[in-house]
Amino acid sequence: MSAGAVAVVLVPDERGGLSPWDQYELSTISMVFGVPYPDLADPWYALRVCGPGPYATHGLDGIAGAATVMVPSVPVAVAEGRAQVPEEIVGALREAGAAGARMVSMCTGAFALAAAGLLDGHRAVLHPNYAPLLAARHPRVTVDASVLYTDEDRVLTGAGAAAGLDLCLHLVRKDLGAAVAGELARRLVVPAHRPGGQPQAVAAPVPPRDEDSLGPVLHWAAEHLREPLSVEELARRARMSPRTFHRRVREAHGTTPLQWLLGQRLARAQALLEATDLPVERIGEESGLGSAANLRRHFTRALGLSPSAYREAFRPSARPSTGR
């Protein structure tokens, strides 16, 4: 398991500054990769903030040797086509991609990767407001504005805002494993894992225990996934009619109680595939998905991978640490 160096490439506006939105995404990256967590992994990531302007700690030469290169949002003028990504930044990104760095964008940072040709032939996501602009200017990029983030191994893109944090935790999960990413998420008080293919509008899977009467019963359900659970039983525990319970879950989570349960069971199966050597049959039982065939069916439908392929892809990587 290895972390390595993360280089953040800033694209400042015409005044050399960053908008509040750009600062938000920089702070998201910083709190994941720039704060040491030696009890989780030692060494942790080494963060370099690269580019022109007062926010940078390194020049563009700081990108060299980084295992991961990330671009947060670019200025609105760049996203709208009224300004260009500076050529020196485009060249530095192109060189990093050619050297084998993992290239990552958050929200409109996709415009910078696209300008460097790094998204050609790849699927990319960003905020839906800017998706048509990216698609029009870069027809060789497959733009998908419906998901949280995309992962094509060496090229990853995120939708921004909360999805940016999901993407950062996904990177930690790939590098250091589900246990480390889950504990980091707990410290940041966010859901441990939201799959990249999940629709952008879906809310957090489990509400706080004190949110209202839904919180305790959904926490109880998440702890009893092995058991056969029905909407009627959960409604009874919540002291609601099944119809009211169904409506309340849909209002809070944008999905039905049964779909919410399925999402929890899939998340449990993902964690077991990553962190254990249990056979698929046992994981089906532990997650409440039943037989191995049922697990494979639901897993492939939701994630596009079989359980065995997911286990191979998402075990902690042996990615070499570079640039420490």
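**Cores, helix packing and backbone features of a predicted model**

Leaving aside neighbours within four places in sequence, Met-70 is in contact (heavy atoms within 4.5 Å) with Val-6, Ala-7, Val-8, Val-9, Ile-29, Phe-33, Val-104, Met-106, Cys-168 and Leu-171. The structure is a predicted model in which local features need pLDDT of at least 70 and side-chain atom pairs count only at pLDDT 80 or more, while totals for chains, interfaces and linings use all residues. Residues are numbered from 1 along each chain as its sequence is written, and side-chain values use heavy atoms, with hydrogens and water left out.

Met-70 also belongs to the residues with the most contacts inside the largest nonpolar core, together with Phe-33, Trp-44, Tyr-45, Val-172 and Leu-184. A nonpolar core is taken here as a set of buried Ala, Val, Leu, Ile, Met, Phe, Trp, Tyr and Cys residues joined through side-chain atoms within 4.5 Å; buried means under 20% relative accessible area, exposed over 50%, and partly exposed in between, with a 1.4 Å probe and protein chains only. The largest core has 36 residues. Two or more of its residues come from each of β1 (5-9), α1 (20-34), β4 (102-106), α6 (162-176) and α7 (178-188), where helices (H or I, at least four residues) and strands (E, at least two) are DSSP runs numbered from the N terminus. Helix α6 supplies the largest share, eight residues. A second, separate core of 35 residues includes Ala-7, Ala-96, Ala-101 and Tyr-130. As general background, nonpolar side chains tend to be buried together in soluble globular proteins.

For the chain as a whole, the model has 14 helices and eight strands. Buried residues make up 50% of the 324 residues. Of the contacts between residues at least 6 apart in sequence, 63% join residues at least 24 apart.

Two helix pairs involving α11 (residues 257-275) can be described in turn. Helix α8 (residues 214-222) packs on α11 at an angle of about 45°, with the axes 10 Å apart; axes are lines fitted to C-alpha atoms, for helices over the stretch in contact, and angles run from 0 to 180 degrees between N-to-C directions. That angle makes α8 oblique to α11, given that angles under 35 degrees count as roughly parallel, over 145 as roughly antiparallel, 65 to 115 as roughly perpendicular and the rest as oblique. The contact is made by Leu-218, Ala-221 and Ala-222 of α8 and by Trp-260, Leu-261 and Gln-264 of α11. In the second pair, the axes of α11 and α12 come within 9 Å and cross at roughly 140°, which makes α11 oblique to α12. Here Arg-265, Arg-268, Ala-269, Leu-272 and Leu-273 in α11 meet Ile-283, Glu-286 and Ser-287 in α12. Within α12 (residues 280-287), Val-280, Ile-283, Gly-284, Glu-286 and Ser-287 are buried. The helix is followed by Gly-288, whose phi is positive, near 85°.

Several loops carry backbone features worth a look. The peptide bond from Asp-42 to Pro-43 is cis, with omega near 10°, and Pro-43 is found in the loop between α1 and β2 (46-50). Asp-153, in the loop between β7 (149-151) and β8 (155-158), has a positive phi of about 70° although it is not a glycine; at 44% relative accessibility, Asp-153 counts as partly exposed. Arg-239, another residue other than glycine with a positive phi, near 60°, lies in the loop between α9 (231-237) and α10 (242-253) and is exposed, with a relative accessible area of 81%. Tyr-55 is found in the loop between β2 and β3 and is partly exposed at 36% relative accessibility. Not counting residues up to four places away in sequence, Tyr-55 touches Leu-10, Gly-17, Leu-18, Gln-23 and Val-49. Tyr-55 and Gly-17 are 38 residues apart in sequence and 7.9 Å apart in space, C-alpha to C-alpha.

Confidence is expressed as pLDDT, the predictor's score for each residue from 0 to 100. The chain averages 85, and 87% of the residues score at least 70. Confidence is highest in strand β3 (residues 68-71), at a mean of 98, and lowest in helix α14 (residues 307-314), at 77. Over residues 198-211 pLDDT stays under 50, and the model has 38 contacts beyond four places in sequence for this stretch. Residues 317-324 also stay under 50, with 25 such contacts. Where pLDDT is low, the predicted coordinates should not be read in detail.
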